[in-house]
Amino acid sequence: MKTRFLFTILLMMAYVANISAQATDINTMANAIYIQKAKAKPGTQVKLSVCLKNQSISVRGYQFDLYLPDGITFVQDEDGYYEANMSTTRATEKQMNYFDSDLQRDGSLRVLCSSTNGAVLSGNDGEVCTILIEVDPDAAAQDYLLQVRNAVVTDPDAIRYQLEDVTSVINVNDCNCGFKGDMNDDGELNITDALIIINHILGRD
């Protein structure tokens, strides 16, 4: 019986390693636009938190394209506009006075934000906008990958900096619990969770 459990854990570890390999490690990057890890139930809407990390660039404007996987779509309001909104965490609407979003031919949502009065974002990391998405009712309970591509930031001198593409994770789960397999409730699914399960099976609690 223990052998069967251990085999299951090894499969889980391989799955975790695969997801971890595909998700970008933001900690290794000086400048990036990324999506905070999120979770949702099938058939529900969730607001994604889009963050900008700028350790070496003073940012006056930014743009990026967000790609969603099959089973997840962008939400539109009653007038047909996509539900992307600027966050006031790092700048006021008067400081960053231009914000817009539009669906591209390839299905991605392009978001643009800039200041025409010379203002820059405060701080070096944090939320800059939110995007509302909807999970299909028939979506399988698993991790899905969200991709930020073609990200560009501009500094106060209007110099453009191309940023690396970033992949983030949204967990779709049909229960009220946290991430499946998140044994220590830290919001992360990694090798530590697998080791906790193995130790429990072997009676090493």
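The structure is a predicted model, in which local features need pLDDT of at least 70 and side-chain atom pairs count only at pLDDT 80 or more, while totals for chains, interfaces and linings use all residues. Residues are numbered from 1 along each chain as its sequence is written, and side-chain values use heavy atoms, with hydrogens and water left out.

The protein contains two helices and 12 strands; helices (H or I, at least four residues) and strands (E, at least two) are DSSP runs, numbered from the N terminus. Along the sequence these elements follow the pattern α-β-β-β-β-β-β-β-β-β-β-β-β-α. Of the 205 residues, 40% count as buried, where buried means under 20% relative accessible area, exposed means over 50%, and partly exposed lies in between (1.4 Å probe, protein chains only). The accessible surface comes to about 11,300 Å², and 48% of it belongs to carbon and sulfur atoms; such areas come from the Shrake-Rupley method with a 1.4 Å probe, and for residues only the protein chains shown count as cover. Among contacts (heavy atoms within 4.5 Å) with a separation of 6 or more, 71% link residues 24 or more positions apart.

Two strands show what a covered position looks like. In strand E1 (residues 31-35), five of the five residues are buried. In a regular strand, side chains alternate between the two faces of the sheet. In E1, Asn 31, Ile 33 and Ile 35 point one way and Ala 32 and Tyr 34 the other, and all are buried. Strand E1 runs antiparallel to strand E3 (residues 45-54), joined to it by five bridges; two strands pair if DSSP finds at least two bridges between them. In this pairing, Tyr 34 has Cys 51 of E3 as its bridge partner.

Strand E4 (residues 61-67) is largely enclosed by the rest of the structure, because seven of its seven residues are buried. One side of E4 carries Gly 61, Gln 63, Asp 65 and Tyr 67, the other carries Tyr 62, Phe 64 and Leu 66, and all are buried. Strand E4 has an antiparallel partner in strand E8 (residues 109-114), with six bridges between them, and Leu 66 stands opposite Leu 109 there. Another antiparallel pairing, also over six bridges, links E4 with strand E10 (residues 142-154), where Val 153 stands opposite Tyr 62.

Beyond its neighbours within four places in sequence, Leu 66 is in contact with several residues, including Ile 35, Leu 48, Phe 74, Leu 109 and Ile 131.

Next come the aromatic rings. Rings of Phe, Tyr and Trp (its six-membered ring) pair if their centres lie within 6.5 Å; planes under 30 degrees apart count as stacked, over 60 as edge-to-face and the rest as tilted. The count by this rule is two aromatic pairs. Tyr 62 and Phe 64 form a stacked pair, 6.4 Å centre to centre with 15 degrees between the planes. Tyr 62 counts as buried because its relative accessibility is 4%, and Phe 64 is buried with a relative accessible area of 0%. Phe 74 and Tyr 82 form an edge-to-face pair, 6.5 Å centre to centre with 85 degrees between the planes. Phe 74, at 12% relative accessibility, also counts as buried.

Finally, two single residues can be set side by side. Ala 84 lies in strand E6 and counts as buried because its relative accessibility is 8%. Not counting residues up to four places away in sequence, Ala 84 touches Phe 99, Ser 101, Leu 109, Thr 130 and Ile 131. Gln 95 sits in the loop between strand E6 (84-86) and strand E7 (98-103), and its 34% relative accessibility makes it partly exposed. Leaving aside neighbours within four places in sequence, Gln 95 is in contact with Ser 115, Asn 117 and Ala 119. Gln 95 and Arg 60 are 35 residues apart in sequence, with 9.4 Å between their C-alpha atoms.
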